[in-house]
Amino acid sequence: MGESVTTAALVGACHCGAVGVHMPGESAGVVACHCADCQKLHGNFFAMLVADRAAVRWTGEEHIEWYRSSPANERGFCRRCGSRLAKRPVEGAKIMVSAGLFDASLERRVVKNVWTEQKPRWYDAPRVGPISPEEFVALALAEPIRGPTADYGYAMRAASGNPRPPSVIALTWITAADAGERERIRAHSRANVKDFVDEPGFISIVTGFTGLRGFTVTAWEDEDSMKRALGKHHATAMRELFGERFVASVWTSVWSATRVNRLWVRCTACGSLEDVSDDHRNCAKCSAALPPRPAYW
Ligand SMILES: [Zn+2]
Ligand SMILES: [Zn+2]
Ligand SMILES: [Zn+2]
């Protein structure tokens, strides 16, 4: 037997236990069907695992009632407890078994939504696949997580590739009165970042939002380059801030260094942590090529 390829069978049961089911471990799904029939029959979407009908084994089959839900399909439910068990095409080799019959520890996620055009508006279809950066930001903005001592949000970094050490750092925060103002601040921020990247003395910016509070940490090679960049779109934004009723509170500042420490990179060959402040490219211990030296910020 190929024990490495055989996946353990999925074992499930209805609410009262009269009907049991064995499904192949490699059954497809979970698939979520949002069609009007499933809404009626399940009270919301139908979460199902899909397999060949011949590969699914039922126990207590005498308790299953098959109901012709459409000309092409029938639905099975437990006659004793009413649990919805499965859907199967009248002509066809497949069967869709309710994911609800299996233990809550089922190692599955929704991998596909079908019939979303018939989905009612009172719920969102389960998200499928890995989260994109855009979705992450949208989620962090829509539902920021608040703790007693910490607020969570998102951050982003835009860098120029400038390898020189910063001599000035701009630290700012700004609070929006509401979500609409926050979008307006973000639009300004995007325009500012475009200007910054065009300025040779710009090193990088880390910026983000926690709830309605935005922040920036921007590193510059010198103050002149910062002033040049801030003279562009940023000046327009400042005029809106002071000329209109826009933003709840704001603080800006520019810092110079008390101390700039060495920059360290781990040699991937020998594991030595190398001081690369002088931008040398080979490990001093084993002379292997070092990973590229990161920017100071
Ligand atoms: Zn039952
Ligand atoms: Zn359906
Ligand atoms: Zn080394």
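Reader: How many helices and strands are there in the protein chain?

Author: The protein chain has 5 helices and 17 strands. Both are DSSP runs, numbered from the N terminus: helices are H or I with at least four residues, strands are E with at least two. This is a predicted model; local features need pLDDT of at least 70, side-chain atom pairs count only at pLDDT 80 or more, and totals for chains, interfaces and linings use all residues. Residues are numbered from 1 along each chain as its sequence is written, and chains are lettered from A and ligands numbered from 1 in the order in which they are written.

Reader: How do I read a sheet?

Author: Strands of a sheet pair through backbone hydrogen bonds, either parallel or antiparallel. Two strands pair if DSSP finds at least two bridges between them. Here, 3 strands form an open sheet in the order E1-E2-E5, with antiparallel pairing. Strands E1 (10–13) and E5 (57–59) are the edges, each pairing on one side only.

Reader: Which residue of E5 is the bridge partner of Val21?

Author: Trp58. Strand E2 (residues 20–23) and E5 pair in the antiparallel sense over 3 bridges.
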